[in-house]
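Please open the model in your viewer and keep the selection panel at hand. The stops below say what to pick next and what is there.

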Amino acid sequence: MRAVSIEAEPTALWVDLDRTALIIIDMQRDFLEPGGFGETLGNDVKRLLPAVPPCRDVLAAARAAKLLIIHTREGHRPDLSDAPRAKIERGEPAMRIGAPGPMGRILVRGEPGHDIIPELKPVDGEPIIDKPGKGAFHQTDLHQILQKHEIENLLVCGVTTEVCVNTTVREANDRGFRCIVLSDCCGSYFPEFHEAGLAMIKAQGGIFGWVSASQPVLKVLHA
Ligand code: TIU
């Protein structure tokens with residue numbers, strides 16, 4: 001048992017670090033670099049870059065504190081058998097999921113664009129969850145892995161705040177996990193959606209979870 005208090009909104013909370021995991025959502029080249037899925041959707045990918053250094057610091061501190069660390073990647077099988085037509089059919093045909101791009105086929109597993117960015121590369125022993133949807137629980141073994149490690153709390157980082165981070169937090173909250181979303185470790189192509197995404201999580205007494213900056217979390221991880 002390693003009980004620590006984390007400064008967060010709407011309230012500070014006590015968590016047992018032995019039952020806490022860090023989950024880093026979809027920090028993939030496809031979302032953060034030009035030529036990938038994020039850009040094909042019409043977004044300015046530079047907007048996600050400020051989240052990288054704080055994520056890197058939290059990842060290093062979580063490794064040093066021996067937390068379970070989980071990485072997720074959004075993407076599909078090369079034959080797209082796990083990609084609903086309704087998902088593929090959105091956007092310009094030449095830039096859809098599975099189409100060839102400068103980083104390989106867009107949002108397809110095994111392609112360069114699907115990789116996690118080098119700054120946050122997983123190391124041996126850190127589970128990688130390959131997910132076909134926005135939520136990290138949908139059609140994955142994430143819940144089983146968390147239960148096996150007796151995890152109760154999730155420190156959540158990644159992109160994008162209002163899409164895959166929010167979807168995952170909502171899924172996790174319904175499954176009984178306390179989520180602490182690290183505001184500066186998340187990013188959105190839309191600054192106003194980043195703010196709204198965080199506000200929705202912590203409203204109503206923390207209806208989906210808690211929001212903290214990385215600094216208070218680094219403080220307890222380093223202690
Ligand atoms: N488009 C967008 O903001 N996000 C996604 O499609 N996926 C994730 O958030 N990972």
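How many nonpolar, polar and charged residues does the shell around the ligand have? By class, the shell has 7 nonpolar, 1 polar and 3 charged residues, where Ala, Val, Leu, Ile, Met, Phe, Trp, Tyr, Cys and Pro count as nonpolar, Asp, Glu, Lys and Arg as charged, and the others, Gly among them, as polar.

Before going on, note that this is a predicted model, in which local features need pLDDT of at least 70 and side-chain atom pairs count only at pLDDT 80 or more, while totals for chains, interfaces and linings use all residues. Residues are numbered from 1 along each chain as its sequence is written, and side-chain values use heavy atoms, with hydrogens and water left out.

**The ligand**

Select the ligand together with D26, F31, F37, L41, E74, K134, V159, T160, V163, C164 and Y189, which surround it; a residue is near a molecule if one of its heavy atoms lies within 4 Å of it. Next, show the polar contacts, pairs of N or O atoms within 3.5 Å. A polar side-chain atom of K134 lies 2.9 Å from an oxygen atom of the ligand, and an N or O atom in the side chain of T160 is 2.9 Å from a ligand oxygen atom. At V159, look instead at the backbone, where an N or O atom lies 3.2 Å from a nitrogen atom of the ligand. Taken alone, the ligand exposes 280 Å², of which the protein buries 93%, with areas from the Shrake-Rupley method and a 1.4 Å probe.

**The pocket lining**

Now select F31, F37, L41, K134 and V163, which among the 23 lining residues of the largest pocket lie nearest its centre. A pocket here is an open set of points, on a 1 Å grid over the protein atoms alone, with protein on both sides within 12 Å along at least five of seven lines, and lining residues have an atom within 4 Å of a point. Colour helix 6 (161-174), since helix 6 gives the largest share of this lining, 3 residues; helices are DSSP runs (H or I, at least four residues) and strands likewise (E, at least two).

**Backbone stops**

Return to V159 and T160, whose connecting peptide bond is cis, with omega near -15°; T160 lies in the loop between strand 8 (153-159) and helix 6. Another cis peptide bond runs from E9 to P10, with omega near 5°, and P10 is in the loop between strand 1 (3-6) and strand 2 (13-16).

Definitions and conventions: Polar contact = N/O pair within 3.5 Å; in protein donor to acceptor, adjacent residues only side chain to side chain. 1 Å grid on protein atoms, 1.4 Å probe; cavity = no way out; pocket = protein on both sides within 12 Å on 5 of 7 lines; lining within 4 Å.
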